[in-house]
Amino acid sequence: MNVLPLAFNLAILTYFIGVLILALPIPYRQLKKWGVRLMSDAIIAAVLVSAYSMILGIGDLILSMLGYSWTGFMAWLTERTAILVTALVGLTYLTSWIKSLGYSLVLSPLGLASTYITLALSAIRMMYFIASFIWSFRGELLALGLLLYSLPFRVGKGVGAFFIAASLVLYVGFPLMPAFVNVFQTAVPEPMVSNKSFTITCSIVDVGGEPLPYPVLRIYKEGSTVPLGVVKGDNKGAVVLGGDKDIIPRNYTFDVEVLFMGYIFKPSPRVLRILPNKTSYKLGVRNIIYQGGLAILIPSGFDIINIKYMGGKLITTVSAPHEAVNEIRVVKLNNVKIYSLRINGREMHCSWSTWKWNGISLSECVLNLSNIQLSSSGKITISVFYEPKNYPEPEVEERRVVCYESLVDIIMQYVSVGIAYIYSFLFLPGLYLAALTAMSASLARVIGGGVKLRFI
């Protein structure tokens, strides 16, 4: 480099200035010492300039002996940056999601966690900038230090000595930072951005095991009468909970109700227990037989003996207890055409009443069984011949399931993650960088002559 010859010439100039001061016919002891000091500084500067390549090679030799490299250190920084960016993106998503759920009052801890993660990310960026500078310009930093060290009258000796020491200490020390951090850092918990890994599917079926299309599942916290959520299923009777839409903790218990064709049913099982290793549940509605837009509602006291699903024909045989013979309801879509409705072979004539439920036009017929001749065993066979139709999707405003306890756990987990990131990504690297700076200053004092070394 062009700076090195200049530094060497300045060292020679400093030496001759020292000789000149020493040769002055002035009998002043301190002046003579100053001349000797300039001469020694010049000799040391010349030696250091001559050892420029050796000083650069010492750093690579030490790293090679320790088994560390700058490439691995930069990869480590990149990995930690990706972790912080992922956490910040997840936190932003979680914040917007909680706002959409109407829980804005609990966002303050998330703002604190966001501040922690942003500070850690800023620290990583600063560390990356300093490390990149040392890695790319350590030769220039060493040459500048030699130039300042060689200036006459010691005007730049202290700063030059520090640059020389820093070019060696920081070059060797930065790649060792991962080892230092790994020794003192604790395990950083993984933030749970959502429940994507935890999804459960509830299959809603009638008493014969046939799916009820577009069922509506109303969910209660155990022992509560206020719905915690209202979730609509698909055309195959599947209601999906969890994923990225709900916050449902494991080992939790819910009470559930099924809404279908304008009626509220209590499924079996009525209590839904969320277990860690179970992801699918079958909820049977025992009071309904459904097919093609038509349903037969059976009272709880009846026993269903047989069901035949035959496309445009639905036949069921039930056993009616003598003390509970009342009525059976038939509910259909308005556009479903009934050709024949019979009980024990007897044609029934219904008076249909109509109403709308969540955008679906329905009709209902009440079959009074008080005048029906029962068999000796109390069996009733109901036969409906009709034109089946597809059941439409009800216009239900969903309210996704958000368990407040689990929401608080997620928020506190993010706060813990933010604190852990501050410790692992900001405090420990900052402490290590301070230690490297102190070591550079100590070595600079040795090089600059501020510390007298005694070998004997």
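Predicted model: local features only at pLDDT ≥ 70, side-chain atom pairs only at ≥ 80, totals over all residues.
Which residues line the largest cavity?

1. Cavity. A search of the whole structure finds 1 cavity of 30 Å³ or more. The volume of the largest cavity is about 50 Å³. Its lining is made up of A11, T14, D41, A42, A45, Y149, S150, L151, R154 and K157. Two or more of the lining residues come from each of α1 (3-23), α2 (29-50) and α5 (108-150). Helix α2 supplies the largest share, 3 residues. By class, the lining of the largest cavity holds 5 nonpolar, 2 polar and 3 charged residues.

2. Helix α7. In the helix spanning residues 177-184, the buried residues are M177, P178 and V181. They lie on the same side of α7, because the arc they cover around the axis is only 95 degrees. In general, an α-helix has 3.6 residues a turn, so residues three or four places apart point the same way.

3. Sheet order. Five strands form an open sheet in the order β11-β12-β18-β14-β15, with antiparallel pairing. Its edge strands are β11 (303-309) and β15 (346-347), each of which pairs on one side only.

4. Pairing around β18. Strand β12 (residues 313-319) pairs with β18 (residues 379-387) in the antiparallel sense over 7 bridges. Within this pairing, I315 has S383 as its bridge partner in β18, and V318 has I380. Strand β14 (residues 337-343) also pairs with β18 in the antiparallel sense, over 6 bridges. The bridge partner of R342 in β18 is S383.

5. The structure contains 11 salt bridges. One of them joins the side chains of D60 and R138, at 3.1 Å from N to O. Because D60 belongs to helix α3 (residues 52-66) and R138 to helix α5, this pair ties together parts that are 78 residues apart in sequence.

6. Salt-bridge network. R218, E257, K266 and R270 are linked in a network of salt bridges. Within it, the side chains of E257 and K266 meet at 3.8 Å, N to O. E257 counts as buried because its relative accessibility is 9%, which is under the 20% limit for that class.

7. Salt bridge of R400. R400 forms a salt bridge with E398, and the closest N and O atoms are 3.5 Å apart. Here R400 is buried, with a relative accessible area of 15%, while E398 is partly exposed, with 33%. In general terms, side chains of opposite charge can pair when their charged atoms come close.

8. Cis peptide bond. The peptide bond joining S268 and P269 is cis, with omega about 5 degrees. P269 is located in the loop between β6 (263-265) and β7 (271-274).

9. Positive phi at Y214. Although not a glycine, Y214 has a positive phi, near 50 degrees. Y214 sits in the loop between β1 (195-205) and β2 (216-221). Is this residue buried or exposed? Y214 is buried, with a relative accessible area of 18%.

10. N358 is placed in the loop between β16 (353-357) and β17 (360-368). Its relative accessible area is 30%, so N358 is partly exposed. For residues other than glycine, phi is negative in most cases.

How values were computed. Residues numbered from 1 in each chain as written. Heavy atoms only, no water. Helix = DSSP H or I, 4+ residues; strand = E, 2+ residues; numbered from the N terminus. Buried < 20%, exposed > 50% of the residue type's maximum accessible area, 1.4 Å probe, protein only. 1 Å grid on protein atoms, 1.4 Å probe; cavity = no way out; pocket = protein on both sides within 12 Å on 5 of 7 lines; lining within 4 Å. Points joined across faces, edges and corners; volume = space filled by probe spheres on them. Nonpolar A, V, L, I, M, F, W, Y, C, P; charged D, E, K, R; others polar. Arc of directions from axis to C-beta. Pairing = 2+ DSSP bridges. Salt bridge = Lys/Arg side-chain N within 4 Å of Asp/Glu carboxyl O.
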